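Here are my notes for your first look at this structure. Keep the model open and find each residue as you read.

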Amino acid sequence: MPLPTPVWQASLDHLVEQLVEPGWCVLPGFIPAQIARELADQARLWQQADLLTPAAVGRAGGAEVREAIRSDITLWLEPGMSAATDRYLALTEQLREALNGALFLGLEALECHFAVFPEGAYYKKHLDRFRDDDRRTISVVLYLNEHWQAEDGGTLRLYLPDGSTQDVLPELGTLVCFRSALLPHEVMPAARERLSLTGWFLRRGEMPW
Ligand SMILES: O=C(O)CCC(=O)C(=O)O
Ligand SMILES: [Fe+2]
């Protein structure tokens, strides 16, 4: 589903620029509301079918479920799972090409999962890099919640290199991108169910196993 309007292209360019400096970017309305709603509906269907499972901390193989660190439930996306998710994957492909074209990052794939934070769930401060695998290069999170208010909690808190913090409301259609190795971040406890689609662009590299 092609979206390359001049507006979309301008926000892609802005995003690429911001990832160079300061290394992060928040784009409200980056994904049109209709597409974001379809993704939210799809996530809920899979949630009702019990397909989401407690998220693990760490890399496949060494991964373990640790509720003291995070308490969301997730489902990894694969091509062909649904029209809505395929549409989103096609959009992220445009983003990947833009990043590679402008920044020569050698990003070769996106790994991506739906995440549901039930009421009260959180994800403590962390970096999106594993000790033994540094292929995660750009983190990209799309939020899928209508009318999110500050009192709903669940903000993404970015810890910036200058010591300040930046809070992002997980509002429908907002996309956040940041350099995975640069910014520690956390998800504050959500006061209502919070839906997102979290992904990481992986650069080429040896698999560590
Ligand atoms: O949902 C978010 O805002 C961020 C989630 C996150 O940090 C992660 O899954 O690594
Ligand atoms: Fe993270």
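Predicted model: local features only at pLDDT ≥ 70, side-chain atom pairs only at ≥ 80, totals over all residues.

1. Check the length of α2. The helix runs over residues 33-48, which is 16 residues. At 1.5 Å a residue these should span 22 Å, and the end C-alpha atoms are 22 Å apart, which agrees. After α2 comes D50, with a positive phi near 65°.

2. Helix α3 passes the length check too. Its 21 residues reach 30 Å from the first C-alpha to the last, close to the 30 Å expected at 1.5 Å a residue. Buried in α3 are T85, Y88, L91, L95 and L99. They cover an arc of only 120° around the axis, which puts them on the same side of α3.

3. Look at both sides of α3. The face turned away from its buried side carries the exposed residues A83, E93, E97 and G101. The buried residues of α3 are covered by elements that include α1 (6-20), α2, β4, β6 (136-143) and β11.

4. Go back to helix α1. Its 15 residues should span 21 Å at 1.5 Å a residue; the end C-alpha atoms are 22 Å apart, which agrees. L12, L15 and L19 are buried in α1. They cover an arc of only 60° around the axis, which puts them on the same side of α1.

5. Which elements do the buried residues of α1 pack against? They are β1, α3, β6 and β9 (175-179). On the other side of α1, the exposed residues are P6, V7, A10, D13, E17 and V20.

6. Next, the strands. β3 (residues 73-76) and β4 run antiparallel and are joined by four bridges. β4 and β11 also run antiparallel, with ten bridges between them. Find H113 in β4: W76 stands opposite H113, and H113 stands opposite T198 in β11.

7. T198 turns up again around ligand 1. The residues around this ligand are A115, Y123, D128, V141, L156, H185, V187, S196 and T198. β10 (185-187) and β11 are the elements that give two or more residues to this shell. By type, the shell divides into five nonpolar, three polar and one charged.

8. As a general rule, most residues other than glycine have a negative phi, and most peptide bonds are trans. Where is F104, and is it buried or exposed? F104 sits in the loop between α3 and β4, and its phi is positive, near 50°.

9. H147 is another residue with a positive phi, near 55°, and is not glycine. Look for H147 in the loop between β6 and β7 (156-159). With 7 C-beta neighbours inside 10 Å, H147 counts as exposed.

10. Last, check a peptide bond. The one from E21 to P22 is cis, with omega near 15°. P22 lies in the loop between α1 and β1 (24-27).

Methods: Residues numbered from 1 in each chain as written. Chains lettered and ligands numbered in written order. Expected span 1.5 Å × (residues − 1). Pairing = 2+ DSSP bridges. Near = placed C-beta within 6 Å. Nonpolar A, V, L, I, M, F, W, Y, C, P; charged D, E, K, R; others polar. Buried ≥ 20, exposed ≤ 12 C-beta atoms within 10 Å, placed from the backbone. Arc of directions from axis to C-beta. Contact = placed C-beta atoms within 7 Å.
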